Amino acid sequence: MVAAAAREIRDGERVFVGMRLPLLGFAVAKELHAPNAVGLFENGVIRDWPALQSIFTMSDPPNVARSLYCGGLLDVMGLMQSGRVELGFIGGAEVDRFGNLNTHWVEEKGKRVRLPGSGGAADIATLAGRCIIIMNHEKRRFVPRVHFVTSPGYGEGGNWRDQSGLTGGGPSRVITSMGIFTFDPATKEMLLSSYHPGVTVEQIQRETGWPLRLSDAVGETPAPTADEIAAVRKYDPKGVWTS
Amino acid sequence: MNKLCSLSQAISRNIEDGMSVATGCGLESLIPFAAGYEIIRQKKRDLTLIAPISDIQLDQIIGAGCARKIVAAWVGNVAAGLAHNFRRAMEDGIPRPLEVEEHSNFTIGLALQAAAMGLPFLPTKTARGSDFSRADHFQPLRCPFTKEELLAVRAVKPDVAILHVQRADVEGNAHLWGNLGVTVEAARAARKVVLTCEEIVDHEVILSDPNRTLIQGFLVSSVVHVPFGSHPSPTQGFARRDDDFYFDYHKESRNREGFERWLERWVLGVKDHQEFLKRLGEERVRRLKPEGNLFSPSVSFNL
């Protein structure tokens, strides 16, 4: 998943990074194919090189020291609102086939479970040039319709984003623990574009709450290269995020 | 005017039951935890807590029964996951029911910035199409110039902002550095500001580096010297993040009884911040202090 996230970052892009897997993906991309990528964090930090010590939050001292810029939340959100952030990473408790994400509440055994809320996710979903959704692939998370739209994807599909006046491009990929999805250019439905090595389409269908649609070019996700694995180990030596 | 006082005095003088209090404005760093514990010890009630994400501090104050309402983008434990007291309050009304004004990080920043500039709202392109943007504190707005559809975010004007900073003089002129989150916006939006700081410095130190005086003393009501006052959150140059404290809190607060034990051990059972640090232990405090120095070169303001 980290390698897949890293491959999405193009050289020179300004990326709203987030934490955990995307943070590591940013480090791997910088190391390998995107040395000029710049990372933005919603606490106000902008970095042009990844923090070398492992961190649990974007405000940990190793992510602040020797950063390119330290300012406020409105500085980086303003850059994103004005179209200067090409890519952002987000996740959630639930996602539906149009890439809408929910991090507000879900139902378990008939009871509402309250989740933390948006944080910066709704901002990234509405404003970033494009966004990548990263999720564990489980049936309870891949639902036909999310209980609550925290971070809009393509809404009800088709040209919903345009009609709703959203300026960001919306989700371009969903990277899961089982495979990678793109979106149908017209209907904006999720399409399975690859399954990770050792995973079958049938297994993915079992963990997806709607009838899967396959991309014409569906195939196996290229396994992480030796360089990608080495870069992951460099930035996550203890396997905190990738064990 | 010398505004130095004890933490206990700062909380009792500036915070009354029913007030709205902004905290955790640096996001995951500079969270004024010591001040939050004093709010709990003084049994403040019916507070409205304002914070973008808060990283367990809101959860602690909610669990202690001090809060009636939350104005926030996210309530949880950044490294460990869900906030158990927030869940119990929202799902079962324990220890008391809680109202939430839902925001994204951007909209809460704009809401504070609107108040900071004396405006009733600010327009934005964010959050449109989300379900939480249908609440009353967001209204659709058509730009009078371009005619594009925008979202108006209602101003949030806290009664008090509690901010932890690296250094301040006794008047409350403060130098802070590292990521700022919505600290400056909150200082300007609030009716009163309580500063907790790592160091009290001479006014001359403040004047030596005016670009770093991000909070001006005329906004500040009380100044408290609280070294390590952001523990377990980091303060750049003074304190690392105490990751274990967050993970332990997550485990121990999983059920109500566990949280009550946690509260007794770390808050109610200690008299003040000095006693809290003693309970944390010299060895742990020493480990959390940054090693070495990463100084930036000084800049010249020569005439």
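B:Arg241 is buried, with 26 other C-beta atoms within 10 Å. A residue counts as buried if 20 or more other C-beta atoms lie within 10 Å of its own, as exposed if 12 or fewer do, and as partly exposed in between; C-beta atoms are placed from the backbone. B:Arg241 sits in the loop between strand 12 (220-225) and helix 8 (243-252) of chain B. Helices (H or I, at least four residues) and strands (E, at least two) are DSSP runs, numbered from the N terminus. Leaving aside residues up to four places away in sequence, B:Arg241 touches A:Phe56, A:Thr57 and A:Asp60, together with B:Pro232, B:Ser233 and B:Pro234. Contact requires that the C-beta atoms of two residues, placed from the backbone, lie within 7 Å. B:His273 is 32 residues from B:Arg241 in sequence and 17 Å from B:Arg241 in space, C-alpha to C-alpha.

The model is predicted: local features need pLDDT of at least 70, side-chain atom pairs count only at pLDDT 80 or more, and totals for chains, interfaces and linings use all residues. Residues are numbered from 1 along each chain as its sequence is written, while chains are lettered from A and ligands numbered from 1 in the order in which they are written.

The contact between the chains takes 43 residues from chain A and 50 residues from chain B. On the chain B side, helix 4 (84-92), helix 5 (105-116) and helix 6 (183-189) each supply at least two residues. This side of chain B divides into 23 nonpolar, 15 polar and 12 charged residues. Here Ala, Val, Leu, Ile, Met, Phe, Trp, Tyr, Cys and Pro count as nonpolar, Asp, Glu, Lys and Arg as charged, and the others, Gly among them, as polar.

Chain B has 11 helices and 12 strands. Its radius of gyration is 19 Å, close to the 19 Å that the globule rule gives for 303 residues, so chain B is as compact as a globular protein of that length. The radius is taken over C-alpha atoms, and the rule is 2.2 Å times the number of residues to the power 0.38. The C-alpha atoms of chain B fill a box of roughly 65 × 60 × 35 Å along the principal axes. Buried residues make up 51% of chain B.

Chain A has 8 helices and 14 strands. The radius of gyration of chain A is 17 Å, close to the 18 Å from the globule rule for 243 residues, so chain A is as compact as a globular protein of that length. Its C-alpha box is roughly 45 × 40 × 35 Å along the principal axes. In chain A, 53% of the residues count as buried.

Chain B is assigned domain 1 (7-42 + 157-288) and domain 2 (106-154); the bounds come from an automatic or database domain assignment. The C-alpha centres of these domains lie 30 Å apart. In chain B, 6 residues of domain 1 are in contact with 6 residues of domain 2. The domain 1 side has 3 nonpolar, no polar and 3 charged residues.

An open sheet of 3 strands in chain B has the order 5-7-6, with antiparallel pairing. Two strands pair if DSSP finds at least two bridges between them. Strand 5 (121-124) and strand 6 (138-142) of chain B are the edge strands. Strand 6 of chain B is joined to strand 7 (residues 149-154) of chain B by 5 bridges. B:Phe138 stands opposite B:Val153 in strand 7 of chain B.
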